[in-house]
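Open the model in your viewer and keep the selection panel at hand. The stops below are meant to be taken in order.

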Amino acid sequence: MNRYPQLRSAVRMALLGSAALLAVPAAYAQDQNEPMEEVVVTGSRIVSASLDSPSPVQTISSEDIAATGILNTQELLLKNPTFGTPTLSRTNSNFLTSGGGVSTVDLRNLGIDRTLVLVDGRRFVSGNPGSMAVDMNTIPAQFIERIDVLTGGASAVYGSDAVAGVVNIIYKKNFEGVSFDGQYGMSAEDDNQETQFGITLGTSTEDGRGNIMAHVGYTKQGAVFSRDRERSAVDQFSEGALTGDPEAFFSIVRPFYSGFAPQGRFITENDDITYDAQGNVIPWDTNGDNGAATGFNRSAFRTIAVPIERYLFAGRGSFEYTENHSAFFEGTYASSNSTTEIEPFALAAEDIYPASGGNVGAEFLVNGVAVRNPLVPDEVYDSAIDWDGDGLRDYYFVKRMSDFGNRGATAKRDTFRVVGGLQGGFGEKWNYEAFYSFGQTKEAQTSDGQVNVLNFANALEAVADVEDVDNDGDTAEAICRNANARVQGCVPANIFGFNSLSPGAVDYIEAPGSLATFTRQRVLGLNVSGELLELPAGTWGIAAGAEYREEYAESEWDALTQAGLNAGNAIPPTQGEFDVREFYIETNVPLLKDLPAVERLALRAAVRASDYSTVGNTLSWNGGFEWSPVSSLRFRVIRALSTRAPNINDLYSPPSQTFPTGIQDPCVGVTLTSTGGISDACRAAPGVLANINSNISGTNPNGLFVLTQPDVQGISGFDSGNPELEEEEGNSWTIGMVWQPEDIPVLDKFDFTVDYYRIDIDNAITLRDRNFILSQCYGGGDTSLCQFVTRRPNAIGANSAGSIEFLDADTTNTGGEFAEGVDLTVAYAQSIGPGRFNARLSYTHLLDHYLIPLTGGDKDELAGEIGDSEDKAYLTLGYNVGKFGGTLQTTYISSAVLDDGFLAAFDLPAGSVGVGSATYVDLQLTWQPTEAYQVFLGANNLFDEEPPLLISGLPSDVTGTETDAGTYDAIGRRWYAGVRMKF
């Protein structure tokens, strides 16, 4: 009985009335109340009455999503052990120059660009410009019917990028009525406030030929700051990473402050001074070893979790305009705002005066006479000498630009995607679908805290206004010495002490940044499926189709950034595009059935030919067998060749700045007389040799290459693309078993699946590992990689000669990547007592995972390293009785070891140092007083499990979190409560 006839009628009128405004048609699906008809399952394009996928597929239902209280589908997928650490998430993207808050997924830890995300079996536009990775923020969780996770190569069926597998998100279909979801939550530390609500409406025409649905959602997730977690509240560093003692890797040096402080640090020939809060001159003492600490605690300004606000709109509909022929449409619009926040900008004098290495004039020639800068205090001026040979005094400074406020970026991203097409059938044996999809993502990012180096130079070069050029009667005030700069608004910069810059100087020097990106995708596709022949063992099924796809991306920074005039490297505007034409055919041939030990035996195969505008022709294929000796047992084996062409970022990405962690300089400890390839290569660098010579003493006659705290903290670098890349090929095997022992009394309530996978990627497209670059450059035999290492030729300020200033990396075709493991799932359902109990276990054991950085070179073992643990599991237990229900979820990540390249720098064997396991328990309780109304209460990370401590200086540390925040929970216990209603 329809309990809400007026509401349903209103929904029908509203949705049907709005349908006329929708220019493009989304997928037709049959009414769930009707008998099951033929369907397409993830892993195949062949329409079949069977719901069995030919490939291993794990399904996450809408009920599973509801039972977790997640606000973003990434959060749920990461619980599944088949997924690895994502490149981008709320908790590992705060320190990036772009992409803050974007959420991606990564099957098998093989990279986000080897996981293909689909919506209803069709591609979705990327949310990360230049990549194929979909931003999961753009997917409305309440609009999802289920998520199919297909593991193993699937390029022959779905095209490029499906090397590791496919995430196929299936939207709800033929929904009728109104549903509402709302919830609120926060962490146990009273941050990470989360608000979500969504409303879904749907109705069908009176004759059942048409249906239209719409969804509106809102989500807001608050920030979590480093200062609000004890482990990350104060700058610290690994003692072992400093001393080289492996036993002290997890011993903390705290505080380990930055040498860039708001009051400034001023270095002359004989002095290294700063100011206290009262403006008194004091010696510089970074960590307070000999008095009050003068360094700066960056952790007080950093962020663990990026705040995000999202508005989501989705719609779909279908109409059967004639028997067996329907038009459909699907649309998604997502608007998100994210804000990253880090400490104020760290400015060094060489950023303003790079040619001289940071020599700042304390006096200038005016009409041939040396004139002192009146803003330079006596204590600096009196100890300054001529460093650059022009006869005038110079000094050096570094300063944290707190007068400009914190650095950060606010990014507004708008993703729009529409799909429209026709589908239907001819007779009872053939089906077709033709569609066109268009998607685009626009991003407008604004950033604060940077400086205009040209204006800063003008503002630093101040003289007394002895001629009263501004006609104010004051001949002692400081003015900018450049007359043109004065006309353009130059205000002298007083950099000495706390809050020393005047508002006018800040306005003149400040340089807000901007980044505009645009991504566009166009896809035109045709799929035909049918029954080719009726064989003795069953119907010979076949599918064939064609697809044309265009991908385009561009990014453009502000003018100062493009020119390199905001104290960073120049980043040019970039754009790239490619198109691809593809044809595929897939077949399912039943070979035998109803024989002894052969309930069913079938052959499956598919092949896809692609023609890329960038890399030319590629070929992907798969083939395999399915064998059921009895109805309850099914074996499957699949061999596949999957191809991934380089994407726009791989090919054309401009240098993007990063701040790598876990870098170990192989030159540390080298002396004038030490032997070996490393020592010889290090001494060949002039800066390194100068450093060694500067440390010669009576007790150390052979000198020693050493690094200071600023040297260790000051490594930056740039990641870039490579237009010479070739496609990569993934050879994979999947061998598995599905067992549903319905006839065995003890096991009849269980379902089991076991799958072995092996993925061998040839010519793998990968960003070079920075520690590998160093190891090869210095004694490793490949000096061509030295081009990525920039060392300071001389001591500059607090930085030593020979210290690494930039350590860059590019994208390259490597010798390959390999992953091998076993997946196990166990499901159980049974009535126990007055209620219903269900359980599901997903478990993955990683047998091996390695990268070969150079063709023909040695393996870089990744298996068992942090982010790639050997054992991962996800257990869900549920019990429902009457109006009450409960779900308990446990996520397990086994112990892991530090990066083997990092350990090798200390002459330690791979796997010798690591961290312990982590176990997270989530709980949700529900109360459903009526069919239409449910209240829920839940907690994630119920026991407040702390993440493994990965101190700054160790690999895998995410800046500001003191752990690998993409792998482990860096937020802590979180509570939530909400309500669900359906009418």
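A residue is called buried when its relative accessible area is under 20%. The model on screen is predicted.

**Stop 1: the disulfides**

Select the bonded cysteines; the structure holds three disulfides. Taken in sequence order, these cysteines pair as 1-2, 3-4, 5-6.

Begin with Cys480 and Cys490, whose sulfur atoms sit 2.0 Å apart in a disulfide. The link of Cys480 and Cys490 is left-handed, with -80° about the S-S bond. Cys480 belongs to strand 26 (residues 478-480), while Cys490 is in the loop between helix 9 (483-487) and helix 10 (503-509), so the bond ties together parts that are 10 residues apart in sequence. Cys480 and Cys490 are both buried.

Move on to Cys667 and Cys682, joined by a disulfide with an S to S distance of 2.0 Å. About this S-S bond the value is -90°, and the link of Cys667 and Cys682 is left-handed. Where do the two cysteines lie? Cys667 is in the loop between strand 33 (656-658) and helix 13 (677-683), and Cys682 is in helix 13, so the pair connects parts that are 15 residues apart in sequence. Cys667 is buried, as is Cys682.

Next select Cys777 and Cys786, a disulfide with its sulfur atoms 2.0 Å apart. Is this link left-handed or right-handed? The torsion about the S-S bond of Cys777 and Cys786 is about 110°, so the disulfide is right-handed. Cys777 has 4% relative accessibility and therefore counts as buried. Cys786 is at 25%, so Cys786 counts as partly exposed.

**Stop 2**

Now show the second largest cavity, which has a volume of about 730 Å³. Its lining is made up of 38 residues, and those closest to its centre are Glu75, Leu78, Tyr968, Asp969 and Arg974. Which elements each supply at least two residues of the lining? Among them are helix 3 (73-77), strand 44 (871-881) and strand 45 (884-893). Strand 48 (918-930) and strand 50 (974-982) also each give at least two. Colour the lining of the second largest cavity by residue class to find 15 nonpolar, 15 polar and eight charged residues.

**Stop 3**

Switch to a cartoon view and pick out the open sheet of five strands, with the order 1-4-5-2-3 and mixed pairing. Strand 1 (57-61) and strand 3 (122-123) stand at the edges with a single partner strand each, so one side of each has no neighbour in the sheet. In general, strands of a sheet pair through backbone hydrogen bonds, either parallel or antiparallel. Strand 4 (residues 144-151) and strand 5 (residues 165-171) run antiparallel and are joined by seven bridges. To check one of the pairings, select Ile144, whose bridge partner in strand 5 is Tyr171.

**Stop 4: Ala349**

Finish at Ala349, in helix 6 (residues 349-352). Is Ala349 buried or exposed? Ala349 has a relative accessible area of 0% and is therefore buried. Leaving aside residues up to four places away in sequence, Ala349 touches Gly358, Val360, Tyr396 and Phe397.

Methods: Residues are numbered from 1 along each chain as its sequence is written. This is a predicted model: local features need pLDDT of at least 70, side-chain atom pairs count only at pLDDT 80 or more; totals for chains, interfaces and linings use all residues. Side-chain values use heavy atoms; hydrogens and water are left out. A disulfide is a pair of cysteine sulfur atoms within 2.5 Å. Helices (H or I, at least four residues) and strands (E, at least two) are DSSP runs, numbered from the N terminus. Buried means under 20% relative accessible area, exposed over 50%, partly exposed in between (1.4 Å probe, protein chains only). On a 1 Å grid over the protein atoms alone, a cavity is a set of points where a 1.4 Å probe fits but cannot get out, and a pocket is an open set with protein on both sides within 12 Å along at least five of seven lines; lining residues have an atom within 4 Å of a point. Grid points are joined across faces, edges and corners, and a volume is the space filled by probe spheres set on the points. Ala, Val, Leu, Ile, Met, Phe, Trp, Tyr, Cys and Pro count as nonpolar, Asp, Glu, Lys and Arg as charged, and the others, Gly among them, as polar. Two strands pair if DSSP finds at least two bridges between them. Contact means heavy atoms within 4.5 Å.
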